[in-house]
Amino acid sequence: MSEVSPGVINAEAEKDQILKAYRALLRALKPSLGKGDKKMIRLAFDMALEAHKDMRRKTGEPYILHPLAVALICAEEIGLGPLAIVCALLHDTVEDTYMTLEDIRGSFGEKAATIVDGLTKISGVFDKGTSLQAENFRKMLLTLSDDIRVILIKLADRLHNMRTLDSMQREKQLKIASETAYLYAPLAHRLGLYAFKTELEDLSMRYTEPEVYKDITDRLTQTKRDRTRFINEFTVPIKDELNKQGFTYEVKGRSKSIHSIWSKMKRQGVTFDEIYDLFAIRIIIDASEDMEKAMCWKAYSIITDFYHPNPDRLRDWISTPKATGYESLHTTVMGPSGKWVEVQIRSRRMDEIAEKGYAAHWKYKESAAENAL
Ligand code: MN
């Protein structure tokens with residue numbers, strides 16, 4: 001008989017999908033894997049796989065794909081190390097399965113148990129329909145978690161849930177989306193995780209304000225060609241000069257997030273076409289830490305040789321970083337067609353901090369193996 005049962009094919013395909021996700025996680029972790037860490041991560045994966053084996057997400061997928069995705073976000077988008085990845089893989093086990101904190105302590109040590117315990121408690125307090133003021137939420141989070149990794153993993157968890165919100169019922173979508181905008185996005189902001197904050201806000205808006213969201217998205221798409229052409233023309237002379245002076249750098253044109261465009265439209269009572277700073281140009285410079293400040297100012301000087309700066313709009317967060325650790329030099333200059341353009345100048349290191357947050361950049365690369373000893 002050549003008949004193949006579709007159930008079998010599914011199971012095989014799912015196994016494949018799970019292994020693929022696991023391998024992607026290992027690849028993302030490679031630079032921070034110490035001796036024994038790979039083994040620990042494999043153990044955490046196997047334990048989570050077994051514990052969640054009969055569970056499925058609302059999307060119909062095997063549940064394990066969720067902790068795998070959360071762990072990948074922690075590794076790739078926050079830059080967390082092996083110990084945090086072990087905890088991300090196990091983050092839903094104590095709450096939703098037969099596994100206990102003792103199991104985790106036994107296999108991965110005290111610190112991993114503390115982090116998973118924090119995650120379980122947060123979930124017990126916040127995900128069960130308690131409504132809280134944003135400020136209280138933040139305070140409670142901070143007291144529940146003396147290790148900031150608890151919060152970082154929780155944010156990754158929320159981000160993945162938001163990315164997969166489509167499969168939820170409308171009512172649930174609205175509740176989760178508004179909670180995200182109200183509680184989690186400001187929290188990401190406080191921790192300097194700007195990429196998270198922006199994505200959480202945009203995703204939330206997609207559900208709470210679907211029409212406006214679609215309208216702005218469409219307009220951004222329609223105007224993309226013009227923007228790209230403008231950015232290219234604008235940066236030609238700057239690039240020439242940077243090359244001449246031996247800089248290694250990257251130039252990016254970054255359009256404002258959908259949420260911040262919408263906020264500005266509301267705040268200033270303007271239409272989409274009236275927003276002059278739809279995008280910023282970012283120059284990321286490769287420089288050693290002792291040279292980066294001087295190089296950023298040198299780049300500033302090159303830019304303002306070509307374009308006239310608005311003195312009121314100079315922001316020097318290099319000499320005085322923001323409380324979140326954000327460092328960057330911002331200037332607004334008069335572009336070729338008489339349009340103001342914001343230019344952000346920063347080193348590769350500063351860019352990494354700006355995207356992933358200060359806390360994760362230098363700390364929390366901790367080995368899982370050493371903690372389990
Ligand atoms: Mn989760």
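The largest pocket holds about 1,000 Å³ of space. Keep in mind that this is a predicted model. Which residues sit closest to the centre of that pocket? They are Thr198, Lys256, Ser260, Arg282 and Gln344, out of 33 residues in the lining.

Now the elements behind that lining. Those that give two or more residues to it are the helices α11 (194-208), α14 (258-268) and α16 (348-356), together with the strands β1 (249-255), β2 (279-285), β4 (329-334) and β5 (340-347). Helix α11 provides the largest share, six residues. By class, the lining of the largest pocket has 15 charged, 11 polar and seven nonpolar residues.

Let us stay with α11, and look at a helix it packs against. The axes of α11 and helix α9, residues 148-163, come within 10 Å and cross at roughly 35 degrees. That crossing is left-handed. On the α9 side, the contact is made by Leu155, Ala156, Arg158, Leu159, Met162 and Arg163. On the α11 side, Phe196, Glu199, Leu200, Leu203, Ser204 and Tyr207 take part. Sorted by class, the contact of α9 with α11 has eight nonpolar, three charged and one polar residues.

The crossing of α2 and α6 is right-handed. Helix α2 brings Met40, Leu43, Ala44 and Met47 to the contact, and α6 brings Asp103, Ser107 and Phe108. In this contact of α2 with α6, five residues are nonpolar, one is polar and one is charged.

I will take questions now.

Conventions. Residues numbered from 1 in each chain as written. Predicted model: local features only at pLDDT ≥ 70, side-chain atom pairs only at ≥ 80, totals over all residues. Heavy atoms only, no water. Left-handed = near helix turned anticlockwise from the far one by under 90°. Helix = DSSP H or I, 4+ residues; strand = E, 2+ residues; numbered from the N terminus. Contact = heavy atoms within 4.5 Å. Nonpolar A, V, L, I, M, F, W, Y, C, P; charged D, E, K, R; others polar. 1 Å grid on protein atoms, 1.4 Å probe; cavity = no way out; pocket = protein on both sides within 12 Å on 5 of 7 lines; lining within 4 Å. Points joined across faces, edges and corners; volume = space filled by probe spheres on them. Axes fitted to C-alpha atoms, helices over the stretch in contact; angles between N-to-C directions.
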